[in-house]
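Q: Could you walk me through how to read the features of a protein model, one at a time? I would like the general idea and then the case at hand.

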Amino acid sequence: MAVSQFFMPSSNLLGSGALDDGIAQIECLGFKKALIVTDSALAELGVAKLVVDKLAIKNIQVVVFDGAIPNPTVTNVNDGLVALKDAGADFIISLGGGSSHDCAKGIALVATNGGKIEDHEGLDKSDKPQMTLVAINTTAGTASEMTRFTIITDETRHVKMAIVDKHVTPTLSINDSDLMEGMPASLTAATGMDALTHAVEAYVSTIATPLTDACAVKAIELIAAHLPTAVREPKNKEAREKMAYAQFLAGMAFNNASLGYVHAMAHQLGGFYNLPHGVCNALLLPHVEAFNMKVASARLNQVGKILNENNADLANLEVIDAIKRLADIVGIPKSLEELGVKREDFKVLAENALKDVCGLTNPVQANLDEIIGIFEAAYSSR
């Protein structure tokens, strides 16, 4: 086995009440003024104010930039850079789910490296570490709060840029499950299936290691057991906390084993149609893994066994059917057609997917027609 490297933030807080411990650690960093990058919904719900008030007690000034949008764009990053300069902040806090974290990473990376965020598309293109970033997570799925991945939509090309760079790893991540109780069922389902996709793609990756395998397996166990409850009972503290751990474990797995064609293809759907990332992953996952069965059957059958053993509704199902069944249980849409995807766009979507860095570690390397075929398989009902 070749030498492997394991990336994650140097400090990570998880569980109910983690936010207060995180504020104490932020104080120890010694910074005086933060730019909080979040979305308008969290600002309106008062979550941003909660964090601002806790920081004020520690004499840390805050300016809130609530311009992060789902599938954050180059324009989002540029607007955030202006906000950062105007604020005179000396560090950044991202507050929210993957969109807020990705937007903040883009801002923090360009703030220290200069140039444009587009310059960093691909693997390790930056020269300097980003501005110090603390990531406070409010969803259980993307794991962007602890990874070296950031996904930014280039709206001129209608493409999601995959930026994989050790310099975008946050300094501190905070996963307080209490902050996740307000997530609606649809978001809980989508982000939970995103986490499952991370774990499965990392487990069958060509650069998986015993470390990433251990993280992926435990993540799949927890997701199978607790995602349906988290969707059905949003105030269930145990389910929320177990999903916070599950998505973090899945993040540890894919942050180091990378991903595959599910993400390479989902990025194109999100960039082209502005669709929810987790939903795209959930729709593509069974079809990509059916394609991967030709070389990864042993590992995928093990995934099926884990799903069978940790959720009675998935017992005795083959792995592809178990993934589809879990998507049904949590209410994921059934087809790309239902999301408004058009068959005539498959060729350009497939061409762009083959350029995505996430596809490099898929266990089978596909040609254009095969990627189009996977899109076709996901077009109709599961």
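Predicted model: local features only at pLDDT ≥ 70, side-chain atom pairs only at ≥ 80, totals over all residues.

Q: How many aromatic pairs does the structure hold?
A: Two rings pair if their centres lie within 6.5 Å, and planes over 60 degrees apart make the pair edge-to-face. There are five aromatic pairs here. One of them joins F272 and Y273, edge-to-face, with 5.1 Å from centre to centre and 65 degrees between the planes. F272 itself has a relative accessible area of 30%, so this residue is partly exposed.

Q: Why is the pair of F346 and Y379 edge-to-face?
A: Check the angle: the planes of F346 and Y379 stand at 80 degrees, with the ring centres 5.9 Å apart, so the pair falls in the edge-to-face class. F346 belongs to helix α12 (residues 346-353) and Y379 to helix α13 (residues 368-379), so their pairing ties together parts that are 33 residues apart in sequence.

Q: Are F346 and Y379 buried or exposed?
A: Both are buried. Ring pairs also bring in F375, giving a cluster of F346, F375 and Y379.

Q: Now the sheets. In what order do the six strands of the open sheet come?
A: Strands of a sheet pair through backbone hydrogen bonds, in either the parallel or the antiparallel sense. In this six-stranded sheet the order is β1-β9-β6-β4-β2-β3, and the pairing is parallel.

Q: Which residue in β6 is the bridge partner of I92?
A: That is L133. Five bridges pair β4 (residues 91-96) with β6 (residues 133-137) in the parallel sense.

Q: Which helix packs on the sheet, touching β1, β6 and β9?
A: Read the contacts, then the angle between directions. Helix α8 (residues 237-257) makes these contacts, and its direction is at about 155 degrees to that of β1. Helix α1 (residues 18-29) lies across β1, β4, β6 and β9 (172-175), at about 165 degrees to β9.

Q: In what order do the three strands of the other open sheet come?
A: The order is β5-β8-β7, with mixed pairing. β5 (122-123) and β7 (149-154) are the edge strands, each having a single partner, so one side of each lacks a neighbour in the sheet. β5 and β8 (residues 159-164) run parallel and are joined by two bridges, and L123 has V164 as its bridge partner in β8. Helix α5 (residues 98-113) lies across β7 and β8, at about 90 degrees to β7, while helix α9 (residues 261-273) also lies across β7 and β8, at about 135 degrees to β8.

Q: Why does the radius of gyration of the protein agree with a compact globule?
A: A compact globule of 382 residues would have a radius of gyration near 21 Å, and the protein has 19 Å, which agrees. Buried residues make up 58% of the 382 residues. The secondary structure comes to 13 helices and nine strands.

Conventions. Residues numbered from 1 in each chain as written. Heavy atoms only, no water. Phe/Tyr/Trp six-rings, centres within 6.5 Å; stacked < 30°, edge-to-face > 60°. Buried < 20%, exposed > 50% of the residue type's maximum accessible area, 1.4 Å probe, protein only. Helix = DSSP H or I, 4+ residues; strand = E, 2+ residues; numbered from the N terminus. Pairing = 2+ DSSP bridges. Contact = heavy atoms within 4.5 Å. Axes fitted to C-alpha atoms, helices over the stretch in contact; angles between N-to-C directions. Rg over C-alpha atoms; globule rule 2.2 N^0.38 Å.
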